[in-house]
Amino acid sequence: MNKERKKLRVIHDEELEGLLSKLGLLDDIKSGKRKCKFCERVITLGNIHSLFPESGQVSVICDNPECVKKLLIYLQQKDL
Ligand SMILES: [Zn+2]
């Protein structure tokens, strides 16, 4: 096994699916049931950017640059 450290933390599709599956989100996302917290776009495995826990649930964010910006501000405000 060749383990290279990469500067950028890249989540590979398989890792992402594993993580989503652990969180119980994979089926929802595959069936188009989850929406971006900010723009309400339907989240797919192709456009998911981030997920974070929030009041017992997991919020998901799409890869729209506006939503990524909002997420950073949002997390700062929550002081996480
Ligand atoms: Zn969005």
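Modeller: A polar contact is a pair of N or O atoms within 3.5 Å; within protein, one atom must be able to donate a hydrogen and the other to accept it, and residues adjacent in sequence count only if both atoms are side-chain atoms. Helices (H or I, at least four residues) and strands (E, at least two) are DSSP runs, numbered from the N terminus. The model is predicted, with local features needing pLDDT of at least 70 and side-chain atom pairs counting only at pLDDT 80 or more, while totals for chains, interfaces and linings use all residues. Residues are numbered from 1 along each chain as its sequence is written, and side-chain values use heavy atoms, leaving out hydrogens and water.

Colleague: What makes Asn64 a cap of α3?

Modeller: A side-chain oxygen of Asn64 lies 2.9 Å from the backbone nitrogen of Glu66, at the N-terminal end of α3.

Colleague: Which elements does the protein chain contain, and in what order?

Modeller: The protein chain has 3 helices and 2 strands, running α-α-β-β-α from the N terminus.

Colleague: How do you know that the span of α3 agrees with its number of residues?

Modeller: The expected span of a helix is 1.5 Å times one less than its number of residues. For the 14 residues of α3 (residues 65–78) this gives 20 Å, and the end C-alpha atoms are 20 Å apart, so the two agree.

Colleague: Which residues of α3 are buried, and on what grounds are they placed on one side?

Modeller: Buried means under 20% relative accessible area, exposed over 50%, and partly exposed in between (1.4 Å probe, protein chains only). In α3 the buried residues are Cys67, Val68, Leu71 and Tyr74. They cover an arc of only 125° around the axis, taken from the directions from the helix axis to the C-beta atoms, and are therefore on the same side of α3. An α-helix has 3.6 residues a turn, so residues three or four places apart point the same way. Pro65, Leu72, Gln76 and Gln77 are exposed on the other side of α3. The cover over the buried residues of α3 includes β1 (48–54) and β2 (57–62).

Colleague: Why are β1 and β2 called a pair, and in what sense do they run?

Modeller: Two strands pair if DSSP finds at least two bridges between them. β1 and β2 have 6 bridges in the antiparallel sense, which meets that condition.

Colleague: What is remarked upon in the hairpin of β1 and β2?

Modeller: The hairpin has 2 residues between the strands, and Ser55 takes a positive phi near 35° there, although Ser55 is a residue other than glycine. With a relative accessible area of 74%, Ser55 is above the 50% limit and is therefore exposed. Glu40, in the loop between α2 and β1, also has a positive phi, of about 65°, without being a glycine. Its relative accessible area of 55% makes Glu40 exposed.

Colleague: Why is Glu54 called buried?

Modeller: Glu54 of β1 has 13% relative accessibility, so it falls under the 20% limit. A polar contact of 2.7 Å joins the side chains of Glu54 and Ser59. Contact in general means heavy atoms within 4.5 Å; leaving aside neighbours within four places in sequence, Glu54 is in contact with Lys37, Ser59, Tyr74 and Lys78.

Colleague: And why does Phe52 count as buried?

Modeller: Phe52, also found in β1, has 6% relative accessibility, so it counts as buried. Beyond four places in sequence, the contacts of Phe52 include Leu71, Tyr74 and Leu75. The C-alpha atoms of Phe52 and Leu75 are separated by 9.6 Å, with the two residues 23 apart along the chain.

Colleague: What makes a set of residues a nonpolar core, and which members touch the most others here?

Modeller: A nonpolar core is a set of buried Ala, Val, Leu, Ile, Met, Phe, Trp, Tyr and Cys residues joined through side-chain atoms within 4.5 Å. The largest such core has 16 residues, of which Leu20, Ile29, Ile43 and Ile48 touch the most other members. Two or more residues each come from α1 (13–22), α2 (26–30), β1, β2 and α3. β2 gives the largest share, 4 residues.

Colleague: Why is β2 described as largely enclosed?

Modeller: Of its 6 residues, 5 are buried, so β2 is largely enclosed by the rest of the structure.
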